[in-house]
Structure formats: structure tokens, C-alpha cells
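Subject: Handover of a structure and findings

Dear colleague,

Please find below the structure that I am handing over to you. My notes on it follow directly after.

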Amino acid sequence: MSKKKRRQSKTKSTHNSPKFSQKVLSFFRQHRDKSYSFNQIADLLNIKDTKTRNRLIRLLGQLTAKGQLQQDDKHRFSLNIKDHLYTGKVDMTTRGNAYVIVDELEHDIHIEQKNLNRALDGDEVEVFVFKKREQSKSEGEIIGILNRHKTDFVGVLQKQNHFGFVIVQNPKMYTDIFVSKDHFNGADDGLLVKVSLLEWKEDSDSPTGEITEVLGKPGEHNTEMHAILADYGLPEKFPPEVEAFADQIDTKISPEEIKKRRDMRDTLTFTIDPTDAKDFDDALSFKPLENGNFEIGIHIADVAHYVQPDTILDEEAFKRATSIYLVDRVVPMLPEVLSNGACSLRPNEEKYTFSAVFEITPDTKIVNEWFGRTVTYSDARFAYEEAQHIIETTSGQIPPQISLTKKAYTVKKEIVQAVLQLDQLAKKMRLKRMNNGAISFDKVEVKFNLSEDNSPLGVHFKTSKDANKLIEEFMLLANRKVSEFIGKQKTKKTFVYRCHDEPDDEKLETLNTVVSKFGYNLNFKNSKNIAHTLNTLLNDVQGKKEQNLVDTLTIRTMSKAYYSTQNIGHYGLAFDYYSHFTSPIRRYPDVMAHRLLQHYLDQGKSVSETEYEDKCKHASEMEKLATNAERDSIKYMQVKFIQNHEETEFLGVISGVTDFGIFVEIIENKCEGMVRLRDIKGDHYDFNQEHYAVIGRRTKTMYQLGDEVYVRVKKADLIKRNIDFELLGAADEVII
């Protein structure tokens, strides 16, 4: 057959293929603002033969009858975008396709990779729905990119002679980035780099970019930590001008400023924090009253005194919005001169504070409350372990093994009495909160034991004890009462609230399906009983091997908390009003709350709701990025830890099931990896979404979410930050 005939045959087969209607619709989607006559459409689609032209006539009629196209009185056809065009956010999968999340639609819109049209994860896009379904995900094509979510990416440079490609680390990035020789900017082959997207032309397979920063050699600890921050666009160092501005701030305690404040330096005050804490932004004061009640002060570092609006320091703090806690370091919101110095409520130092002071009865009733600026003096600093020892022994004798100084010492009698009394009050407050519908999340926290060069030597688990809960309850009290003070005023005033919506019904049903495998029966029929049911579950799994999985899945059922000027209350805490007020060193919303509270205490009028709502959205977004960065750093350390255990066999729990593999979390160290379906021996396994399981076609063997299985570490890839397991079998079938 001649080349000419082969081309004709190919063209003919394309026009006669079942994809012909999609080709025509795609043409209209790409030219959605224009209308065309039949002849124009045929010419632009290169349709010459009579048979295919007749087919096009029929198809145009069918698409018009279905409402996908519309025809004007001049017999010109155009896309009927009404009810088919939406705006949403791209959520890429690791397999190259995506979903577009549209607020007004119940189900997401599925997008095949061929219909992404250069859209990337997180982009705000216009999507045209060509298969609309009511009860499941519709299918569509992205026809416009409104806003790029990000233009900076992290990856490894692979250089050729006069060009190169950056292989992006993020598994949701489905394309490499082309870099010309002129845009290498000194980067060498094989290095981890930050690349900025320049453009992506319609006729190009890959976008073009420019290398803006060389991060270092892949796999090296500091390089990878730097890369995590760079990938989320998070800062690592303060600009020199911000550091210089902070250094010149007058941090001395002056008599003139003290006169403007309530002087509480003579009231017994102390801090309780983690052993390795460097910034102490909250302290408690305690004073017994003659009437049998107690005056308790929650004193918070007065960050707003030093961080003034419209300064470069404030701009940088707002931009960061939060401190970032990676597995081996903290990237602070404020320069060290403030975060660890002037604003840190260190022992035996006078400090400016913003306080919530309450008169509380022995049964925790609030008799009086006062809010305002103070000056305080911390008499002592305790680690949680030291305070816990006081609570458990009712003694002030601190042994060297838990002492911050590694030396035994005796705590003053009045401080011991204060800690014990505060503990009793906190327990009563917590019980009331639980009875009112609060949910008790005491998730086990995994911590790594690190060597001097940040190599993981092992893991240990931190749980919340009475000393932690003591501080938690009084911080919650301050946060709640501050927001109530503003929120309950007759004249509405703009304020920054921490909001938390009710859990999603579908996620609750998923949780019920999983935990029933462990013998737990949940009752979600009555919405009022949801909190009680969840608390019972969380209490019942305490100390059991499935605790971490159940705790994680329960947290996943919850809505994400966020900041807003529109108060809806906090479901998880069972509070009608709640704000963040107690951590201004590490959270910008707390700084905003301090400023607004003082503004209203000074009888100021309500501020712009629109302005503060925009600030709230920014703070919520930055909190999400910081959380993702922290999660990635933990995953990196897990991979680094498990590298030393390749070929080792572990007992794990199936923590996730997908159509391409099952995730398994090792029970003894909480490291999570994947068993790919194609690697499971003895059968071909299919994903069963209804049962959250994979099932063998021949053997009908089922591996389900929550099942215990034995796995062998197959590979730990530090650069890709993933762990591959080999499945050995169900726990009750494998002999180790």
C-alpha cells in the first residue's frame, strides 16, 4: 500500500471511530466563544469524503438535540455552555488523571489526562462537563486555566548537551519541565533544584522553566529539608532587612509602659512546656481568694506590642502566618530576638503580656472575667514531665531523670499546691466539655530519636497526660472566653474565629465499616449522639494495636478547621464561640485577635469584615501548607529510618486501599508504605470500593482496610520519599 493510501485510510478510520463525537465536541470546547456553519466545521476538521460529511450532519443534529450544542437562525452551531461549564480546583492523582472540585456540585468531575490541557494540581480552572451524571462523578475536559496554583517546583536536573529536564519530585506532577541551556543558571547534572515555570505552549509536550535555586545533592538531610520548604513555597530564612528591623526594636521593660498595664508581677506565675521548647508564649498565674474561689490568669506573650501594623516585620509575619515544625527544626514566624527573646515568657524575667484573668469557683464556674494588657514575672519553668511528676506524686521532689537541669531539686510548696489545684479544675472542665459533646482526640504522636547528624536511631511515642491536658484546658478557656466576649456583644463586631464544621456523613459510614472489623459498633443515626459514639470508640481503642489506625481514620472523618470572620462555632470542641488567642509567637491569627480585642476594649468601632476575611483565608491556606510540609518531613524520616531495615519483616495494618495498591502501616513504628497490586503473588487483585478491599479474581482472597498483614520491606526510596513492601500474607496465615 502506498504512503498516500495509508494516510487516506488513517484519516478515514479516524472519522469513522467511536471517538468522532468527542473530536467534534473537543473542537467546540476549544472554540467555545464562536459559532460555525456546517461547511466551516467540515473544513476545519479536514473532513472531505461524503460519508463522513453526512455523519457530521447527523452528529451535529444529535448534539443539538441533547443540548450540548446550540444552533442559531443562521444555521451556525456553537457550544451550549449553559449547565455544562464550571469553575473549580484541580486535584491530581498520582496516576496522571485528575478530578475538578466544584463547590456547587455534590460530586467531583473526573478528568482524563488527555483532557487536562496543561492544567496542574491545585490550578483554578474552567471545566466543560460532557458526561453529566447525578449520582456519581461526571466526566469533563479542562478548557481554561484561570489561576496557576504554583509556578515553582522542586526536582532533579537531568542535563543533555544544550538542554535538560527537571524531574519533579511531587508524584502529582505528571510532566517534566524543559530547561534550555541559558536557564541552567549554574546548576549541575543530578542536583536537586528549584525551577520556575515560564510557559507551556499548546503544541509542546512539556512546559519550559528556569532554574532559580540549587538546593543540593538529593538524599542529603539538609538538602531534603530545604527542598520540602521550597516545594511548598515556604521560607527558610528571614530577609536581612526584617532581621535588622527586629534587632533594633526596644525590648526593655519601661516604667512608662508598666503604668499603662495591670501589674501582676507579684502573683505566682509559671510556665509548663515541652522539654525542648525555646519559645514560651503562655503562662498561668494562681491566687487563692478569701471567699474560697481562685483567681487564675492565662498570660500570653504580647507580640502585638512589638509587631506593629504596616511595618516590614508585620508584613513578613503575615506572609508566613505560622511557624513551621519539621521533624528536626522549627522555621519560626518571628525572628529569634522576639520568638525566643523578648516575647518568650522565660523564668525570672519581667514580660509584657496580654491576659485573660478569671475568678473561678471550685466547681469551675466563672464568676468574673477580665481581659487586658499586663506585665508579669514567671517564677518557674516546668517541662510537662516535671509537672506530671508533681501531679502523680503530689510532691515537689523532682528526680534527676526528668529534671530539665538533670539534677534533683525541690519545687516550692505554693507552686506544688497551685499545680495540683489547677489539675483538679482542669479535670472538671474537661469532663464538662466532654459531656457537652466535645470529641477527645488523644492521638499517639510519633517522634524520632535523632543522632547528632539527624539520622533516625529509633522511634518513641508521645501521649497526652494530665499535665498536657491541664495546659490545654486553660488555653481553651481563654480562647473561648475571648471570642465569647466579642461575639456576644449586641452590636456585631468583626473578629477572627476558629471554625469547625460537623463531620461528613459518608466519612462516618466509612469509619463505621472499618472499625466494625475490629468488633466496634457505631451508632450515627442520631446526630446528637455522634460525639458520644466517637468518644466511646476512641476510649475503647486506647492501648490496642489498632489505636493509631482508628485514631487516624476518626480524625479524617472530621471537617478541617479554618479561620473566618463568620462564626459557626467549633464542633470538635463543642463551643459556640472559639478563637485562637494563646499562641501569637507562632500563629498570626492570634496576633490579629490580640489587636482586635484591644481595639474593642478601647471602644473602637468594628473593622472591615472583608479585609479580615481575606486575612483569615490566607492564614488557613498557610496553615495547610505548613501541615503538609511537616507531614512530608516525617515521611522523609520514616523512609530514612526504614532504609536500615530492608528485607526485614513486620506486622502491619492495612491503612488505605486504592485501585493500584494497598497501604500498610507498621504497628511497631507507624511507618507507612505500599504494596502494589501488580506485585501481589498468586493471583490478580481488583479494587473493590464498596468493601474498601482488593479481591483476588481466582482465589477470592480479600485484603481489606484494617486487616493485619505481614510485609517485608522491599525498597525505601529517600528521593521519592516512598516505601515499597512485599506482601507476605494475612497475619493469621503467616508464620514468622
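The notes below cover the basis of the values, the charged surface patches and the aromatic pairs.

The model is predicted, so local features need pLDDT of at least 70 and side-chain atom pairs count only at pLDDT 80 or more, while totals for chains, interfaces and linings use all residues. Residues are numbered from 1 along each chain as its sequence is written, and side-chain values use heavy atoms, with hydrogens and water left out.

Charged patches

A patch of negative charge on the surface brings together E106, D501, E502, D504, D505, E506 and E509. Patch members have over 30% relative accessible area and no salt bridge, and like charges are joined within 9 Å; a salt bridge is a side-chain nitrogen of Lys or Arg within 4 Å of a carboxyl oxygen of Asp or Glu. Accessible areas come from the Shrake-Rupley method with a 1.4 Å probe. Helices (H or I, at least four residues) and strands (E, at least two) are DSSP runs, numbered from the N terminus. D504 has a relative accessible area of 37% and is therefore partly exposed, given that buried means under 20%, exposed over 50% and partly exposed in between.

K89, K507, R556, K560, K624 and R631 form a positive surface patch. One of them, K560, belongs to the loop between helix 16 (547-557) and strand 27 (562-564); its relative accessible area of 67% makes K560 exposed.

K194, by contrast, is buried at 17% relative accessible area and is placed in strand 11 (residues 192-199).

Aromatic pairs

There are 17 aromatic pairs in the structure. Rings of Phe, Tyr and Trp (its six-membered ring) pair if their centres lie within 6.5 Å; planes under 30 degrees apart count as stacked, over 60 as edge-to-face and the rest as tilted. The ring centres of F165 and F178 are 5.5 Å apart and the planes stand at 75°, so this pair is edge-to-face. Because F165 lies in strand 9 (residues 163-168) and F178 in strand 10 (residues 177-180), the pair ties together parts that are 13 residues apart in sequence. F165 is partly exposed at 27% relative accessibility, and F178 is partly exposed at 26%.

The rings of F575 and Y578 have centres 5.7 Å apart and planes at 35°, so the pair is tilted; both residues are buried. Finally, ring pairs join F27, F28 and Y36 into a cluster.

Yours sincerely

Conventions:
Patches are made of residues with over 30% relative accessible area and no salt bridge: like charges are joined within 9 Å, nonpolar side chains (Val, Leu, Ile, Met, Phe, Trp, Tyr) within 5 Å. Lys and Arg count as positive and Asp and Glu as negative; His and the chain ends are not counted. The place of a charge is taken as NZ of Lys, CZ of Arg, CG of Asp or CD of Glu. Buried means under 20% relative accessible area, exposed over 50%, partly exposed in between (1.4 Å probe, protein chains only).
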